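Hi everyone, thanks for coming. Please take a look at the model on the screen, and I'll walk you through it.

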Amino acid sequence: NGKISPGHTFTIEPMICEGRAEALKWPDQWTATTVDGKRSAQFEHTLLATSEGVEALTGKIETSPLQFWEKTGGIWLGNTEEAKQRSIELTKKATHE
């Protein structure tokens with residue numbers, strides 16, 4: 001109850017808002033907008049808990065552009081050894097190292 005175990009997946013869905021971050025859910029119980037109606041953008045990452053750590057299932061491919069936060073910290077695909085190695089390889093390719 002309330003414990004993440006290997007095999008569980010979950011999503012993190014941040015919403016970047018131009019105005020207030022308070023959300024308003026529409027009657028369809030799915031659509032969400034900001035209460036002030038200003039522009040916002042939402043994206044999600046699906047994560048998989050493994051016996052070794054966590055891996056991002058919504059990872060990058062070789063042609064994926066770097067996001068501004070990845071330009072200093074690199075691409076993050078999880079904390080397992082396999083994910084860390086893929087992160088290093090993709091960051092090197094994306095930054096042409």
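Let me begin with how the elements are named: helices (H or I, at least four residues) and strands (E, at least two) are DSSP runs, numbered from the N terminus. With that in hand, please find P14, which is in the loop between β1 (9-12) and β2 (15-17).

A word on where this comes from. This is a predicted model, where local features need pLDDT of at least 70, side-chain atom pairs count only at pLDDT 80 or more, and totals for chains, interfaces and linings use all residues. Residues are numbered from 1 along each chain as its sequence is written, and side-chain values use heavy atoms, with hydrogens and water left out.

Back to P14. Is P14 buried, exposed or partly exposed? Here buried means under 20% relative accessible area, exposed means over 50%, and partly exposed is in between, with a 1.4 Å probe and protein chains only. P14 has a relative accessible area of 29%, so it is partly exposed. Contact, for us, means heavy atoms within 4.5 Å. If we leave aside neighbours within four places in sequence, P14 is in contact with A41, Q42 and F43. P14 and E44 are 30 residues apart in sequence, and their C-alpha atoms are 6.6 Å apart in space.

That brings us to the rings. A pair of aromatic rings is described by the distance of the centres and the angle of the planes. Rings of Phe, Tyr and Trp (its six-membered ring) pair if their centres lie within 6.5 Å; planes under 30 degrees apart count as stacked, over 60 as edge-to-face and the rest as tilted. How many aromatic pairs does a search of the whole structure find? It finds two. In one of them, F43 and W69 are stacked, with 6.3 Å centre to centre and 15° between the planes. This pair links distant parts of the chain: F43 sits in the loop between β5 (40-42) and β6 (45-49), while W69 sits in the loop between β7 (54-56) and α1 (70-73), 26 residues apart. F43 counts as partly exposed, at 29% relative accessibility, and W69 is partly exposed at 41%.

Why is the pair of F68 and W69 called edge-to-face? Their ring centres are 5.0 Å apart and the planes are at 85°, so the pair is edge-to-face. F68 itself is exposed, with a relative accessible area of 65%. Put together, ring pairs link F43, F68 and W69 into a cluster.

A83 is in helix α2 (residues 81-94), and its relative accessible area is 0%, so A83 is buried. Beyond residues up to four places away in sequence, A83 touches E55, L77 and G78.

L77 is in the loop between α1 and α2. L77 is also buried, with a relative accessible area of 3%. What does L77 touch, leaving aside neighbours within four places in sequence? L77 is in contact with V54, E55, A56, G59, K60, A83, R86, S87 and L90. The C-alpha atoms of L77 and L57, 20 residues apart along the chain, are separated by 8.0 Å.

Q29 has a positive phi of about 60° although it is not a glycine. You will find Q29 in the loop between β3 (23-25) and β4 (32-34), and Q29 is exposed, with a relative accessible area of 54%.

Let's zoom out to the whole chain. There are two helices and seven strands, running β-β-β-β-β-β-β-α-α from the N terminus on. The radius of gyration, taken over C-alpha atoms, is compared with a globule rule of 2.2 Å times the number of residues to the power 0.38. For this chain the radius of gyration is 17 Å, well over the 13 Å that the rule gives for 97 residues, so the chain is more spread out than a compact globule. The C-alpha trace spans about 45 × 40 × 20 Å along its principal axes. Of the 97 residues, 20% count as buried. Finally, among contacts between residues at least 6 apart in sequence, 46% join residues at least 24 apart.
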